[in-house]
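Take a look at the structure below. This short report visits two places in it.

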Amino acid sequence: MPVSWLVLLLIGLSVIGYILGRQRALASAGGDSRALHSLPNFYGMNVAMSALVPAAAILGVWLLAQPSLINTTVSGSIPASAITEGSSLDLVMSDVKRVAEGLDFAVSSGAMSAADARTLDAGQTDVRATLADIGVALGSDVRPEVLQAAQDYRAMASTGTMAMTIVVLLAALVGFAISYSKTNLHYRARNVVERGVLALLIGAASLAILTTVGIVFSMLFETVNFFGLHDWKDFFFGTVWAPNFRGDSELAILPLLWGTLYISVVALLVAVPIGLFAAIYLSEYASKGVRGFAKPLLEILAGIPTIVYGLFALVTFGPFLLSMFGEGGTFGVNWMTDARSVATAGIVMGIMLIPFVSSLSDDIINAVPQAMRDGSYGLGATKSETIRQVVLPAALPGIVGAILLAASRAIGETMIVVLGAGAIARLAVNPLEALTTITTRIVSQLTGDGDFASPETLVAFALGLTLFVLTLGLNVLALYIVRKYREQYE
Amino acid sequence: MTDISQTPSNPPKTSIHKTDERTKKRNAAERRFKAYGIAAITAGLLVLVVLVGTILNNGLGAFQQTFVTLNVELAEAKLDKKGNRNIDDIKKVSTFGYAPLMKTAFEAKVEELGLETGLKSKDMAAILSKSAAAELREFVLEDTSRIGTTVEFTFLTNSRVDGYMKGRVTRESIANDKKISAAQLDFVDQLVAAGVVEKRFNANFIFGADASDQRPEAAGIGVSMMGSFFMMLVVLVLALPIGVAASIYLEEFAPKNWITDLIEVNISNLAAVPSIVFGILGLAVFINYMHLPQSAPLVGGLVLTLMTLPTIIISTRASLKAVPPSIRDAALGLGASKMQSVFHHVLPLAAPGILTGTIIGLAQALGETAPLLLIGMIGFIASNAPDSISAGLLSPNSAMPAQIYEWAKRAEPAFYERAWGGIIILLIFLVTMNTIAVILRRRFERRW
């Protein structure tokens, strides 16, 4: 039974449970709802939740666990002789899965009967040709071991799904029956329902932790795989990035890290002065009218999707820089050969970060108590002297926090650098040359047609983990600084 | 006290009404400082103006397209040789079979208008889009009784002619171009004068599907708009309830302990994790581990849900916090349970704020591109709009920002125009969503 039907069935069961539970409670009180411990709706809800929640939880866990369980069992049963030279267990398994999916598709589209599909013999029928007829393309001919494994896979998958349907329905019915039989006028339905709802709320809140754990583990496993195939010393301390899909690549993070940091520094050089001065002007000098007009307009810059900035860098700003500094340009210098460069991506990214820096700093400057300014004015300081010598030092930790958050944004930014920074990994110093970043390499390594078990693809996970650790460190540091600062005035 | 009335023995040489050197310096510094602030604001606003100007200037062209109107004789001899109107036989005639019809139509037009041109009919037909024959074939297959008649049919021109009409292509720029010649542009000029070629509004760009990289003139953003729509549906259905539930727990029920602290730190950190990391998570968990279909809006929606959750949680908590404790106390005093006070009183009062936060979170998710690249929502052409909800969720599709990226990558000026046009549509959606959020906030915001 497909999962969607199962879900519909569960929902139907819980609706019936609601109606029946409510009726039973009312009936036990002789139709007088005042005699009940809880409101009638709570009795209905109790039955509905007991039927739905445990069953849905089992369904969710089962759906998550089944694929990997089947995978381990089937890959354990593949004989070592089936893994040919130049191949790996993962490759064979992906063949197995494709054959199994192809056979399933053949059965569901009616090209093959279920019995035929089960008794297929690789020696007698050409499975590849049969499947190609119905539009399932296989990379190579199907060997008997692979077909056998695929049959095991299908058998296990269908048994698993069957067992899942039975277990889930059983759980729902048991939950239904128990809560229904307990329903009478003395049953404390409200307390039970409220405890259940609280558990659901806690579950929703822990999803945040689950996401973080998911992020870390999904990258950690593949990173460990990567370091099994590639020397970690070369990854962290090598100086050449030269992926080669035939193998034997040099995959070192240093050139990428250099490009990432270089572009981020350029972006911050643009964003921090403009953003900071804009914040100072808006919070200290501007009249209410100017503030009400300029602040929302500046914040529009933060709401524009990054793909827009990327296209702006690629099509408008890059060629503009090239026409200034390129061959035959306005300045008559030949410093730039490509529209894509560190300056192109960095400056455009800086524009994106202006409102980020300005609105964070604005909040922080506004949080500095007015008494400090008044004290400074009373001593005869001008406005700018007050700002420079009193307000900014007081706001400094917060501003540093804001800049660190902006830096973490810049390091993790993808679309602007994918379109504007180029693809050349090297340790160049000229800001008008193309460099590449960690994020662009993640995109290019994972969107190619590479084999998923090769170091050239797996390196993306190591890069992702590095990026995650880097930005996480900056964020934690920034939040720590900001929090510590806030405690001073509140 | 008596000292004050005494006049100083040697009065100061400078008056306080006359500014001295040091004061001048300080005042100059003050003016400079203020000027820096004004310069920063101006720079920011100027960039905004330049950005919007660039978008409009480059993108508005995509909403117009150049069309040629011709009278095409759907000759029976070419399209249905057996003459029995059997649909299977007619389907056997490929688009190559339709090409001569267009050549003849051009010849007829030239004769009718009395134009003088040195072009052969083959070169005349070359100003049409590569999809022209396919369009005509579809038109015929739709209703086979049209065979044998002469119909007025409107064709797309190719992107070079379209660029010429929009001023992107000039006679100088095509000097080395194999796709079009100056003579063909002369011919286009003649046709424009005769009113056969004209530029008009192109609804296909808004509602149509993407086209192969040979035919920028036929590409549209409509199907990827559907992809975005289904992703937003997933985000709304998942992120709103989960986010609200999590915020209610953290704001109303959670005890102060290290687990709650851990969750809070986690959420504020997740809000700042680079979006591409969520893409890696989606690729590893949803596609490689759970085997959900690649490029499906369902997967995109799940990834964007995880990404939007922190935003929604943070804004929901802020609006729950804004509901005064007296409301909770009153409910508890009347005998409501804690749960009832939250769900019956606090949550409805916080609803406008939650909705505002959700819309802003959705707008953010709508414009996000990077995670979609990793789960494969680029690199193919979604040619048909999905016909059911499950197909919309599970069949491969693109999304608006991913489609824009795809066009930007094709490095052909006609596709850049499409990309900018797509950005205009994307921004219209974002502006609308944000305006709704602002209006909601203004309208329902309560000061307690």
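Which residues line the largest cavity? Keep the question in mind while the setting is laid out. The model is a predicted one.

## The cavities

A search of the whole structure turns up three cavities of 30 Å³ or more. The largest cavity has a volume of about 70 Å³.

Here is the lining. Chain A supplies A:Ala204, A:Ala205, A:Leu207, A:Ala208 and A:Thr211. Chain B supplies B:Ala246, B:Ile267, B:Leu270, B:Leu306, B:Leu309, B:Pro310 and B:Ile313.

## What the lining is made of

Which helix gives the most to the lining of the largest cavity? It is H7(A), with five residues.

The lining of the largest cavity has 11 nonpolar residues and one polar residue. No charged residue takes part in this lining.

## A sheet in chain B

Move on to the strands. Chain B has an open sheet of three strands, in the order S2-S1-S3. The pairing is antiparallel. Strands S2 (150–156) and S3 (197–201) of chain B are the edges, and each pairs on one side only. Neighbouring strands of this sheet are turned by 40 degrees against each other on average, direction ignored.

How many bridges join S1(B) and S2(B)? Strand S1 (residues 64–73) of chain B pairs with S2(B) over seven bridges, in the antiparallel sense.

Conventions: Residues are numbered from 1 along each chain as its sequence is written. Chains are lettered from A and ligands numbered from 1 in the order in which they are written. This is a predicted model: local features need pLDDT of at least 70, side-chain atom pairs count only at pLDDT 80 or more; totals for chains, interfaces and linings use all residues. Side-chain values use heavy atoms; hydrogens and water are left out. On a 1 Å grid over the protein atoms alone, a cavity is a set of points where a 1.4 Å probe fits but cannot get out, and a pocket is an open set with protein on both sides within 12 Å along at least five of seven lines; lining residues have an atom within 4 Å of a point. Grid points are joined across faces, edges and corners, and a volume is the space filled by probe spheres set on the points. Helices (H or I, at least four residues) and strands (E, at least two) are DSSP runs, numbered from the N terminus. Ala, Val, Leu, Ile, Met, Phe, Trp, Tyr, Cys and Pro count as nonpolar, Asp, Glu, Lys and Arg as charged, and the others, Gly among them, as polar. Two strands pair if DSSP finds at least two bridges between them. Axes are lines fitted to C-alpha atoms, for helices over the stretch in contact, and angles run from 0 to 180 degrees between N-to-C directions.
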